[in-house]
Amino acid sequence: MGRTERPRFVAEVSSNHHRDLDRCLAFIDEAAGIGCDAVKFQLFRIAQLFAPEILARSEDHRKREAWELPVEFLPSLSERCRERGIEFGCTPFYLKAVYELFPYVDFYKIASYEILWKELLTACARTGKPVVISTGMATMDEVKGAVDVLMNNGCRECTILHCVSGYPTPIIECNLSAIESLRREIRPGDPGISMRFGWSDHSVKPEVIYRAVYRWEAEMVEFHLDLEGAGDEYKTGHCWLPDQISPVIRTIHNGFIADGNGEKGPSPSEMAERDWRADPSDGLRPFIKIRKTWKGT
């Protein structure tokens, strides 16, 4: 018997915001409008993301300063999320970012590229807030090591996302069954710890998300969102547009609504037809009591 709780959808804005507050707020409004449970941003500083010898040799990496989210946007983003009834998450990419985010975020997200950085994992865990961690490129032992760091430093609510850090990810490489492998191999030692498993999508394929949810019971689905194709990361091919992802979310939500409460009995739409069943006395429709009073059409 599968689960009955629908998955949580998280829209990842990544670097598509253009450092424009109005555009950031539009992402939040769009995410809420298409049925997401949360929206997630990234807080990085290029000078603290790449080693200086890389920046010295790569103008392309230096230009990514234009993708940095201004810290002063955080209060407005958090407030807008509360107004729209969705959670605000963010990925810290430098240690100070954990503390800059603390007053505003509902959860932290650890990116796949930072999964080995124990200091960052420790800092997020010690805030007491939920942590979501992506596992692209990682081995099972590396994932276990990261989760151990989180658990040993006070994290009580952790969501582990299988993902493939290929942009975009070919369907044949999605390896969705790894969601179940993670669920089987990683178990919290403390029953008071909440641990969930899901899929961080880079495929931009509806069938992949449907399969992750319906076959592998992904409890969270994260996806990269752009508003209209003008975002800095859209050209890479791993971002969904609202009209692409909205029907996927709606279909999955409706599918879980269809599960109902499991109690066998007539539904409201059936009530008028109950008396038109075959009467057990003669096998003819409707019940005799209806035949006596029915005036025809």
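Where is the place of serine 14? In this predicted model, serine 14 is found in the loop that runs between strand S1 (8–12) and helix H1 (21–33). Although serine 14 is not a glycine, its phi is positive, at about 50°, and with a relative accessibility of 1% the residue counts as buried. A positive phi of about 50° is also found at asparagine 175, again a residue that is not a glycine. Asparagine 175 is placed in the loop between S6 and H9, and its relative accessible area of 45% makes it partly exposed.

The loop between S6 and H9 also holds proline 168, which is joined to tyrosine 167 by a cis peptide bond with omega at about -5°. A cis peptide bond likewise leads from arginine 285 to proline 286, where omega is near -15°; proline 286 belongs to the loop between H11 and helix H12 (288–293).

Two or more lining residues are given by each of strand S2 (38–43), helix H2 (46–49) and strand S8 (220–225). The space in the largest pocket amounts to about 730 Å³, and its lining is made up, by class, of 10 nonpolar, 12 polar and 9 charged residues.

Helix H9 (residues 178–185) has Ala178, Ile179, Leu182 and Arg183 as buried residues. These residues lie on the same side of H9, because the arc they cover around the axis is only 150°. The elements that cover the buried residues of H9 include helix H8 (140–152), strand S6 (157–163), strand S7 (194–201) and helix H10 (206–214).

In helix H7 (residues 118–126), threonine 122 has a relative accessibility of 16% and therefore counts as buried. When neighbours within four places in sequence are left aside, the contacts of threonine 122 are with Val149 and Asn153.

Histidine 253, placed in H11, is buried, with a relative accessible area of 14%, and, residues up to four places away in sequence not being counted, it touches Arg6, Phe9 and Gly35. Glycine 255, which lies in helix H11 (residues 242–257), counts as partly exposed at a relative accessibility of 28%. The C-alpha atoms of glycine 255 and tyrosine 214 are 9.7 Å apart in space, whereas the two residues are 41 places apart in sequence.

The cysteines were considered last. With a disulfide taken as a pair of cysteine sulfur atoms within 2.5 Å, the count comes to 0. For cysteine 24, the closest cysteine sulfur is that of cysteine 90, and because the separation is 10 Å, the two are too far apart for a bond. Cysteine 239 is likewise in no disulfide, as the nearest cysteine sulfur, in cysteine 36, is 13 Å away.

Terms used. Residues numbered from 1 in each chain as written. Predicted model: local features only at pLDDT ≥ 70, side-chain atom pairs only at ≥ 80, totals over all residues. Heavy atoms only, no water. 1 Å grid on protein atoms, 1.4 Å probe; cavity = no way out; pocket = protein on both sides within 12 Å on 5 of 7 lines; lining within 4 Å. Points joined across faces, edges and corners; volume = space filled by probe spheres on them. Helix = DSSP H or I, 4+ residues; strand = E, 2+ residues; numbered from the N terminus. Nonpolar A, V, L, I, M, F, W, Y, C, P; charged D, E, K, R; others polar. Buried < 20%, exposed > 50% of the residue type's maximum accessible area, 1.4 Å probe, protein only. Contact = heavy atoms within 4.5 Å. Arc of directions from axis to C-beta.
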